[in-house]
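Please read the following note with the model open beside you. The points are numbered so that you can check each one in turn.

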Amino acid sequence: MAIRRICKYGERILEKKTRKVDFSEIKKDLPVLIADMFDTMDAVGGAGLAANQIGVDLRLAVIKIQREGEEPLSIVIINPEIVERSGSMNEEEGCLSFPGLFAKVKRAAKVKVRALNEKGLPIEINAEGLFARALQHELDHLDGIVFIDRLPLMSRLKLKPALMKLKPRWKKLDESKMRPL
Ligand SMILES: [Zn+2]
């Protein structure tokens, strides 16, 4: 198991739709990849991570939701698709590929997602609230869409100076991660 480097905004792999997973083809590499994705996400306290965020071009993501007083909900989604969405919410969102940046993003309040799990079995997920938000955010990544793409043009323009300020810090963040503890 290992912590992988997280790709940051501006890197091409985040702007590309990911490749559909052929489960039998990657089956033997999957346990290590999934373990690394959870390790990487946990190391920075994220709620979700898409494979392309660690430079892997596959339609696969992991999600970990921690609700107060409950065991964390960890889930692997392979080739996920949203099949139903309803309602709307407008809550603050962040992204591991944009450390330090937060913005309110409009999302569906409830979604139904079909995917394969880590064993290659079909699953159907009905989610709302934070879980629904995380699913929509990660599925967007797999389609090459980042959260600021969901903002109105004016808000995106307003974020530009903040992004320019944050970018040099991301490089330092990567360098500090490479140093042994
Ligand atoms: Zn993200």
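**Notes on the sheet, its helices and the core**

1. Five strands make up an open sheet, arranged in the order β1-β2-β3-β6-β7 with antiparallel pairing. The strands at the edges, each pairing on one side only, are β1 (48-50) and β7 (122-128). From one strand to the next the twist averages 40 degrees. Strands here (E, at least two residues) and helices (H or I, at least four residues) are DSSP runs numbered from the N terminus, and two strands count as paired if DSSP finds at least two bridges between them.

2. Before going further, please keep in mind that this is a predicted model, in which local features need pLDDT of at least 70 and side-chain atom pairs count only at pLDDT 80 or more, while totals for chains, interfaces and linings use all residues. Residues are numbered from 1 along each chain as its sequence is written.

3. The pairings can be followed across the sheet. Six bridges join β2 to β3, which run antiparallel, and Ala61 stands opposite Ile77 in β3. β3 and β6 are also antiparallel, over six bridges, with Arg85 opposite Val111 in β6. Strand β6 (residues 110-116) is joined to β7 by seven bridges, again antiparallel, and Val111 faces Ala127 in β7.

4. Helix α2 lies across β1, β2 (60-65) and β3 (73-86), running at about 45 degrees to β2. Helix α3 (residues 129-142) packs on the sheet as well, touching β1, β2, β3, β6 and β7, and its direction makes about 160 degrees with that of β2. Such angles run from 0 to 180 degrees between N-to-C directions, the axes being lines fitted to C-alpha atoms, for helices over the stretch in contact.

5. Which residues touch the most other members of the largest nonpolar core? Of its 31 residues, they are Leu49, Ala61, Val62, Ile63, Ile77 and Leu135. α3 gives the most to this core, with six residues. A nonpolar core is a set of buried Ala, Val, Leu, Ile, Met, Phe, Trp, Tyr and Cys residues joined through C-beta atoms within 7 Å.

6. Asp39 is found in helix α2 (residues 30-43), and Asp39 counts as partly exposed because it has 14 C-beta neighbours inside 10 Å; a residue is buried with 20 or more other C-beta atoms within 10 Å of its own, exposed with 12 or fewer, and partly exposed in between, with C-beta atoms placed from the backbone. Leaving out residues up to four places away in sequence, Asp39 touches Met1, Ala2 and Ile3, contact meaning that C-beta atoms, placed from the backbone, lie within 7 Å.

How values were computed:
Contact = placed C-beta atoms within 7 Å.
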